[in-house]
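Dear colleague,

I am handing over the structure below, and after it you will find an account of what turned up when I went through it. Please read the notes with the sequence and the coordinates open beside them.

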Amino acid sequence: MSPFSALKGGLFALLAISAGAAPALAEDLTFTLNNGTSAAVTEFYLSPANVGDWEENLLGQDALPSGAATDVTVADGRATCTYDIKTVFKDGSEIDDRGVNLCELGAYTVHE
């Protein structure tokens, strides 16, 4: 084996190891939010599972009427799929759902 071949083989092995060790890049999480209740949803919060505080209201000033759906994008830079969810309705009542894997579901339906 020539010295060049050995060097080339070693360089290839180093590149292969480096590529395998690269961190996974976080992607935006997009899913469909369905309101399967008889009331309008006025606030919708996500937080990575087991984090004590809620993130911002993803509906902003909008409401999601009964039976309606909307696409939600979470651009938080995290590589997590499992979230705790808090839904607030027009009458002020709330529903919490813990440990939901939104990557697997692709859609989340709020139920009464």
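Is Phe-31 buried or exposed in this model? Phe-31 is buried, since its relative accessible area is 1%, where buried means under 20% relative accessible area, exposed means over 50%, and partly exposed lies in between (1.4 Å probe, protein chains only).

Before going further, please note that this is a predicted model, in which local features need pLDDT of at least 70 and side-chain atom pairs count only at pLDDT 80 or more, while totals for chains, interfaces and linings use all residues. Residues are numbered from 1 along each chain as its sequence is written, and side-chain values use heavy atoms, with hydrogens and water left out.

The predictor's confidence in each residue, called pLDDT and running from 0 to 100, has a mean of 82 over the chain, and 77% of the residues reach 70 or more. Over residues 4–25, however, pLDDT stays under 50, and the model has 1 contact beyond four places in sequence for this stretch, a contact being heavy atoms within 4.5 Å. Where pLDDT is low, the predicted coordinates should not be read in detail.

Now to the aromatic side chains. A search of the whole structure finds 2 aromatic pairs; rings of Phe, Tyr and Trp (its six-membered ring) pair if their centres lie within 6.5 Å, and planes under 30 degrees apart count as stacked, over 60 as edge-to-face and the rest as tilted. The rings of Phe-31 and Phe-44 have centres 6.4 Å apart and planes at 50°, so this pair is tilted. Phe-31 belongs to strand β1 and Phe-44 to strand β2, 13 residues apart, and their pair links distant parts of the chain; strands here are DSSP runs (E, at least two residues), numbered from the N terminus. Phe-44 counts as buried at 0% relative accessibility. The rings of Phe-44 and Tyr-108 are also tilted, because their centres are 6.2 Å apart and their planes stand at 45°. Since Tyr-108 lies in strand β6 and Phe-44 in strand β2, this pair ties together parts that are 64 residues apart in sequence. Phe-31, Phe-44 and Tyr-108 form one aromatic cluster.

Strand β6 pairs with strand β1 (residues 29–35) in the parallel sense over 4 bridges, two strands being paired if DSSP finds at least two bridges between them. In this pairing Asn-34 stands opposite Thr-109.

An open sheet is formed by 3 strands in the order β2-β4-β5, with antiparallel pairing. Its edge strands are β2 (41–48) and β5, each of which pairs on one side only. Strands β2 and β4 pair over 7 bridges, and Pro-48 stands opposite Tyr-83 in β4. Strand β4 (residues 82–89) pairs with strand β5 (residues 94–101) over 6 bridges, where Tyr-83 stands opposite Val-100. These two strands form a hairpin with 4 residues between them, and Gly-92 in the turn has a positive phi of about 95°.
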